[in-house]
Amino acid sequence: MWKLLAKPRRWVERRFQRFLERAIPRRQSVKLGQKQLFILPTANGWGYMFAASLIWLLGTNYENNLALALAYFLAALFLVAIVHTFNNLFRLEIKYLQAKPVFAGEMSEVQLQFTPGGVNRFAIDAYWSEGNRIRLQLPRDEPQLITLYVPAKQRGWYRPPRVTLETTFPVGLWRCWSHIDLDVLILTYPKPITCKPLPHSASDHQQGQLQPVSGGEDFYSLRSYQAGDSLKHVAWKHYAQGRGLHTKNYSAHLDTRIWLDWSLLPGLDREARLSRLAYLALEAEKLRDEYGLKLPGLELPPNRGKNHLQSILKALALFEPPTTSVAGGGQP
Amino acid sequence: MSPALALPRASLAWMLLALVAVIVPHCRHLPIWEIAAIIGILIWRVQLHRGLWYTPGRWIKLLLALISVVGLRWQYGTLLGLEPMVGLLILSKMLKLLEMHRFRDAMTVVLLGFFTTATQFLFSQTIVDFIYSLLCFVLLVATLISLNQGQNSRPIPTLPLAIKLTLQCIPVMVVLFLVFPRLGSLWSVPLPQNAATTGVSGSMSPGDISKLTQDGGRAFTVSFRGAVPSNRDLYWRGIVMSYFDGRTWSPSRWGSYPEGTLVEWVDGSSRQPHQSWRQQGEALSAPIEYEIILEPTHQPWLFALPLAEVDESGTGVTRDFTLVKEGVVSQRLKYEVRSSLNYTLDREELSSWAESSNLQLPVDVNPTTRKTAQEWAQSSVDSEALIQRFLTMVSSDFTYTLEPPPLGVNSVDDFLWRTKQGFCEHYASAFVFFMRAAGVPARVVAGYQGGEWIENFMQVSQSDAHAWAEVWLPEKGWTRVDPTAAVAPERVESGIQAVFARSVSNPLSIEAYRHINLMNRLRLQLDIWNYNWQRWVLNYDQEQQLGLLSSLLGVITWWNAGLLLVGSVALILGLVTLYIWLANRPTRLPTEMRLFVKFCQKCRRQGLVRRQGESARSFIERLQQRYPKQHAALQEILDLFELAAYAEDKAALKLLRRAVTRFALVGKGVKT
């Protein structure tokens, strides 16, 4: 039965998605208007109206005007609640500020700014269908920064599905909600997968050889001075002898420098390779090693530090983006 | 739905408060043990909340439910009456409270709370009840709000919001009440059963009516369409009593009736020809029309001036030409009556069965009275002379009192020849006994006499309860004789208050304080409100609805009536929306601030933006460094702004406005 309905359900979902795309287009900042808000009774609301109609029957049958008045009061509350519930979201402004880069499969912190627009707003739930749900209370006149969490499912620029804002305030009879697309893009690194350290790559053949490295300890050679060379390394003796301005080159052993090389992980598919490279980059950073990245068509020279790690992870994240199946994020 | 829908803690307090408020009015008719059980469950719930006691297990809950059902069955003998059902409703609501864990359970409890309030109206419908129930609504709405505000948020001012919501609902409720289509009763329903009967009852012993008089309370209200009869004609006939057992009068219990049915019921649809005996009641004057709203009496009798006719379905006329209702009057009843005050009853002849039943006397009681009556009958010319002689005797040395001395087994003998003090039932009873002993058919009539004019309606109170007599005279038929009028004529001319200023002695009845001017005014005002409440709210029905709609719309169609309903509700909701937006309007900045903002906007156009959190002084000083030529103008603005803002200098405010308007960072006349 469920399977039989799966096809029409998917069709309905697709239609709904397309409708949403037209009604609430992708924007960094959304002000909830009439077109963006939906409102329907909750299950409790239906139960409430059922109780109200029972009281109405009671009043009618007993020809009891006060019981009728009570039934009408309940109906009135039902109607008045529409206005209040709707206004709790109406003209609320939500702006996407930034999202923290994460590894695939982890929760990303997404920062949103809520501007109440002069109305006190109560008990608004904001959530991604797979993320956490938080309940907001927004005093009027002050924008509020809210952090929501959403799982980043896929490497690359991950675009999470629409975020849902909903409220049943004040009496829980109606649910007013909106699904908004805030153009959230989460830089998602490949999910790290543990592996053994790589065999030393290109440097392996020249083991024992010295390579010029800035910051090395042993003197290696002289070369003519170029702008930007450290003055500490200028060969002042040569200069004093009138042989021109030269810079002293120092060298270090290559052992400390790691090349995270795509080609050293044969027999694995693209994602598996990237995941292992991400793991190795993290390990290298932890050990304070210098490490560089070699991908087909891309090479980042060895270095270390947080920024370097980030640029390597970013390169890994954006390397040959995986084909997305559904707009808004697919399966990993 | 969200996973963690645990109930907010504040909502339990609201809920308990609301539930107690909703149950309190029901305590009037709940059995004592049920009230005890409710209190027990409340304590349990509070202890549960404090984490001291445990949630009852499934078997305990089942057992409690079973005990409640058995207890109610035992208390009322049935479960299908109104009282046991309400009792069950309240108990099940309380038990639900014990197993309330989730949001939906809480919602169920709140809805049961609304339902309990609705059933309260089946027992009592006064203004006070309604105002009280509005308070209950506020509490129930507050419970809903507290349930929906979530766990961790700052507490929302629940009560003000609940009051606001309730007030916004009331106009919508009024519109729905007035315009929403009304259907009559759809099926028959159980009515309050074991409520005590009130008012004049179907039997009369010495002391009954004087007690009723002292208890006080409203019996019914009357509004006359045209002329109002004088007080001495206001004999509200209720029950005709022909059977006397020596102490108590009661209506005769005919097993069968030779002339047709005993009661002729009003048949709305097909007007059947009147029973033949209806011709025995002959109207001699044009009828007066009036409407009576009778308080529930839990008895079948309706009260009206003779000779009365009604058209309401469910009512009927008895062979004694009194009015009755099918079943009992268990809710306030409105009926229209036409009465011809000039009439004759059974003028032509009194059938033998009627004669014998109206001459019936128990054997062996009141021998002195019997003997005297027979002697007087022989020495009198006719029945009327006999009556006159009796009334003369009564008026000469009898006393009219609310507290007569007790009477023995031969009550009439004791009263007529020994104590000579009595209230109306003593006089009526003695008179009828005397007449019957003398061979004149006579009977006791119980009802009310008189009434109090309040604004444009008449209110008849229990203190107006009265008993009088009817004798059958040849050529005249049944004729009213009120022996009380002989002993205390002012009772009949101007009402019971003229005789006993403080007839009502019940301290709970406001009528007991008539002699205090302020209290009496308050009582009259309450009566006026109550009357209008009954007339315009409680008795607003399909007929009045059609009247209202046709006065608003002219011709009523489904279309324009529906449009009126939807339109007015939409209008109210629109006003509510407007109110929300006006109430939440951003607060207006003070004038000097607005002027400064204007100044900042002018600077912004030149690319000079005031930084976040930068004070006015440091901003202007920054400008002065950048535009040294404008130094003086900027300084002026700064000084004026500070004067206006901190010294609240009104003159500076004016100057500031001019300065800001004139100011231009890079202007025509100014070079930078």
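Guide: The dialogue below takes up the chains, their contact, helix packing and some backbone details.

Guide: This is a predicted model, in which local features need pLDDT of at least 70, side-chain atom pairs count only at pLDDT 80 or more, and totals for chains, interfaces and linings use all residues. Residues are numbered from 1 along each chain as its sequence is written, while chains are lettered from A and ligands numbered from 1 in the order in which they are written.

Visitor: How many helices and strands does chain A have?

Guide: Helices (H or I, at least four residues) and strands (E, at least two) are DSSP runs, numbered from the N terminus. Chain A has 6 helices and 18 strands.

Visitor: What percentage of chain A is buried?

Guide: A residue is buried if 20 or more other C-beta atoms, placed from the backbone, lie within 10 Å of its own, exposed if 12 or fewer, and partly exposed in between. Of the 332 residues in chain A, 36% are buried. In helix H3 (residues 65-89) of chain A, 22 of the 25 residues are buried, so this helix is largely enclosed by the rest of the structure.

Visitor: Which residues of chain B supply its contact with chain A, and how many are there?

Guide: Two residues are in contact if their C-beta atoms, placed from the backbone, lie within 7 Å. The contact takes 50 residues from chain B and 43 from chain A. On the chain B side, helices H5 (103-123), H6 (127-148), H7 (158-179), H17 (517-538) and H19 (558-583) each supply at least two residues. H5(B) gives the largest share, 9 residues. For classes, Ala, Val, Leu, Ile, Met, Phe, Trp, Tyr, Cys and Pro count as nonpolar, Asp, Glu, Lys and Arg as charged, and the others, Gly among them, as polar. The chain B side then divides into 34 nonpolar, 13 polar and 3 charged residues.

Visitor: What describes two packed helices?

Guide: The angle between their axes and the distance between the axes describe them. Axes are lines fitted to C-alpha atoms, for helices over the stretch in contact, and angles run from 0 to 180 degrees between N-to-C directions. Helix H1 (residues 9-23) of chain B packs against H5(B) at about 20 degrees, with the axes 9 Å apart. H1(B) is therefore roughly parallel to H5(B), a word used for angles under 35 degrees. Their contact has 7 nonpolar, 4 polar and no charged residues. Helices H22 (residues 631-646) and H23 of chain B have axes that come within 9 Å and cross at roughly 145 degrees. By class, that contact has 11 nonpolar, no polar and 1 charged residues.

Visitor: Where is B:Leu665 found, and which residues does it touch?

Guide: B:Leu665 is found in the segment after helix H23 (650-662) of chain B. B:Leu665 counts as buried because it has 20 C-beta neighbours inside 10 Å. Leaving out residues up to four places away in sequence, B:Leu665 touches B:Lys602, B:Cys603, B:Gln606, B:Tyr627 and B:Gln630.

Visitor: Which peptide bond of chain A is cis, with omega near 0 degrees?

Guide: The bond from A:Phe169 to A:Pro170 is cis. A:Pro170 lies in the loop between strand S10 (163-167) and strand S11 (174-180) of chain A. In chain B, a cis peptide bond with omega of about -5 degrees joins B:Pro306 and B:Leu307.

Visitor: Is B:Asp346, with its positive phi, buried or exposed?

Guide: B:Asp346 has a phi of about 50 degrees although it is not a glycine, and B:Asp346 is buried, with 20 other C-beta atoms within 10 Å.

Notes: Parallel < 35°, antiparallel > 145°, perpendicular 65-115°, else oblique.
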